[in-house]
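Please open the structure in your viewer and keep the selection tool at hand.

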Amino acid sequence: MNPGQPADFASVPTIDMAGLFSGDPAARAEVADALARAAREVGFFQIVGHGIGEARRAALLSQAQRFFALDHDRKMDYYIGRSTHHRGYVPPGEESPDPNKPDRKEAFDLAFEMSWAEAAGTPMLGPNVWPDLEGFREAVYGYYEDAFAVGRALMEAFAVALDLPADQFSRHVTQPPSQLRLIHYPYDAEAEDAQGIGAHTDYECFTLLLPTAAGLEVMNGAGEWISVPYREGALVVNIGDMLQIWTNGEFVATSHRVRKVPEERYSFPLFFACDYHTEVAPLPHLVARDGAANYEPLQAGEHLYAQTIQTFNYLQARLARGEIALPAGARGTATFGQHARHGDAS
Ligand SMILES: O=C(O)CCC(=O)C(=O)O
Ligand SMILES: [Fe+2]
């Protein structure tokens, strides 16, 4: 298999991860192997048996609906362009993986809760911005903590499946810039094939996404778009750039997109990152096995920051005014993933 390339898969597998939480080593190994196989061949899978209950998921959705139903002006009180460290409301048109095609979506962005002292001036880190809505913070951050725990279990299972110590990756996860986005894709019958989110890979280690409907499509090794079916209560997991590098391309950061939605849709991705200052380089034993390192190392937080600067209008404006700078050695967008090679036309 080519490093960083998925197989010509025709569907996205579903894996029951409950065995990971059992005390039975054989059950844990079986789940870990299934996860690693999917990470290698598809870069995407759905998980059930993750233990995040219906009440938790429903509370997240109802708070997101409540927030997005506010007047535009009220939402703009929390505009991300007012934040020093990328927290708050992202209005439609603010963000575009392809600058000529802005996404048709709005979002609310938060991340790992941290004090200013802990953030110590690091870009992307700091306290969250919370809307003045009773119960919002508890519901949303409660979901964050549950999904974060599932992410940690997955990360440890990936390490075990690669014959590494269980904490090989997770020891780099103490106060990471892992973001939870509440995304709202409004339905607009008039919109002419306006994409929900353009083709891209995710920048972090992996993403855990809770959607409310189908709509997500992923690109297989042949350049064909494959739909991810909606499965109530399942989380969609996909590998991001950092785990592709760490595994020397054994796990693939698969390109994905959301086209014009046929109905109103919400989705809640948690982008599971490692700590800002982590150097992510192909692991030595995988380089030895493969005979070469397939990727240059990158600095986790800087990769995230550089990609974010390149896709958000307000950060582009700060860059143009000289208020911020792109980290040295920043990769362009679409460095990872197959969509640049195949083109992202349907
Ligand atoms: O809404 C979705 O299903 C996909 C969202 C996504 O890919 C992202 O936010 O990176
Ligand atoms: Fe994504």
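Select glutamate 217, which lies in strand S8, residues 216-219. The model on the screen is a predicted one. Is glutamate 217 buried or exposed? Its relative accessibility is 10%, and because buried means under 20%, glutamate 217 counts as buried. Now display the side chains around it. The side chain of glutamate 217 makes a polar contact of 2.7 Å with the side chain of arginine 257. A second polar contact, of 3.1 Å, links the side chain of glutamate 217 to that of arginine 259. Leaving out residues up to four places away in sequence, glutamate 217 touches Trp225, Ile226, Ser227, Ser255, His256, Arg257 and Arg259.

**The iron ion**

Select the iron ion, which is ligand 2. Which residues coordinate the iron ion? They are His200 and His256, each through NE2, and Asp202 through OD, at 2.1 to 2.2 Å. Along the chain, the donors of the iron ion follow the spacing H-x1-D-x53-H. Select histidine 200 and aspartate 202 together: both are buried.

**Ligand 1**

- From a polar side-chain atom of arginine 265 to an oxygen atom of ligand 1, the distance is 2.8 Å.
- From a polar side-chain atom of histidine 200 to an oxygen atom of ligand 1, it is 3.0 Å.
- From an N or O atom in the side chain of histidine 256 to an oxygen atom of ligand 1, it is 3.1 Å.

How much of the accessible area of ligand 1 does the protein cover? On its own, ligand 1 has 290 Å² of accessible area, and the protein covers 96% of this.

Serine 267 is placed in strand S12, residues 265-272. Its relative accessible area is 1%, so serine 267 is buried. Not counting residues up to four places away in sequence, serine 267 touches Arg181, Leu182, Ile183, Tyr185, Leu209, Leu210 and Pro211.

**The nonpolar core**

Leu182, which is in contact with serine 267, is also a member of the largest nonpolar core. This core has 101 residues, and those with the most contacts inside it are Leu35, Ile47, Leu154, Phe158, Phe169, Leu182 and Phe206. Which helix supplies the largest share of this core? Select helix H5, residues 136-161, from which 15 residues of the core come.

Apart from neighbours within four places in sequence, isoleucine 47 is in contact with Ile15, Met17, Leu35, Val150, Leu154, Leu208, Ala234, Leu235 and Val237.

Move on to phenylalanine 45, found in strand S2, residues 44-48. Phenylalanine 45 is buried, with a relative accessible area of 0%. Its contacts, apart from neighbours within four places in sequence, include Val12, Pro13, Leu35, Phe158 and Val236.

The remaining stops are in loops. Select histidine 86, in the loop between helix H3 (72-76) and strand S3. Histidine 86 has a positive phi of about 70° although it is not a glycine. With 4% relative accessibility, histidine 86 counts as buried.

Then select aspartate 163, in the loop between H5 and strand S5 (179-185). Aspartate 163 also has a positive phi, of about 60°, and is not a glycine. Is aspartate 163 buried or exposed? At 71% relative accessibility, aspartate 163 counts as exposed.

Finally, select glutamate 94, in the loop between strand S3 (88-90) and strand S4 (106-111). Its relative accessibility is 5%, so glutamate 94 counts as buried. A polar contact of 2.6 Å joins its side chain to that of tyrosine 79. Besides Tyr79, and leaving aside neighbours within four places in sequence, glutamate 94 is in contact with Thr311, Phe312, Asn313 and Tyr314.

Methods: Residues are numbered from 1 along each chain as its sequence is written. Chains are lettered from A and ligands numbered from 1 in the order in which they are written. This is a predicted model: local features need pLDDT of at least 70, side-chain atom pairs count only at pLDDT 80 or more; totals for chains, interfaces and linings use all residues. Side-chain values use heavy atoms; hydrogens and water are left out. A nonpolar core is a set of buried Ala, Val, Leu, Ile, Met, Phe, Trp, Tyr and Cys residues joined through side-chain atoms within 4.5 Å. Buried means under 20% relative accessible area, exposed over 50%, partly exposed in between (1.4 Å probe, protein chains only). Helices (H or I, at least four residues) and strands (E, at least two) are DSSP runs, numbered from the N terminus. Contact means heavy atoms within 4.5 Å. Donors are N, O and S atoms within 2.8 Å of the metal (3.2 Å for Na, K and Ca); water is not among the atoms, so sites may look incomplete. A polar contact is a pair of N or O atoms within 3.5 Å; within protein, one must be able to donate a hydrogen and the other to accept it, and residues adjacent in sequence count only if both atoms are side-chain atoms. Accessible areas come from the Shrake-Rupley method with a 1.4 Å probe; for residues, only the protein chains shown count as cover.
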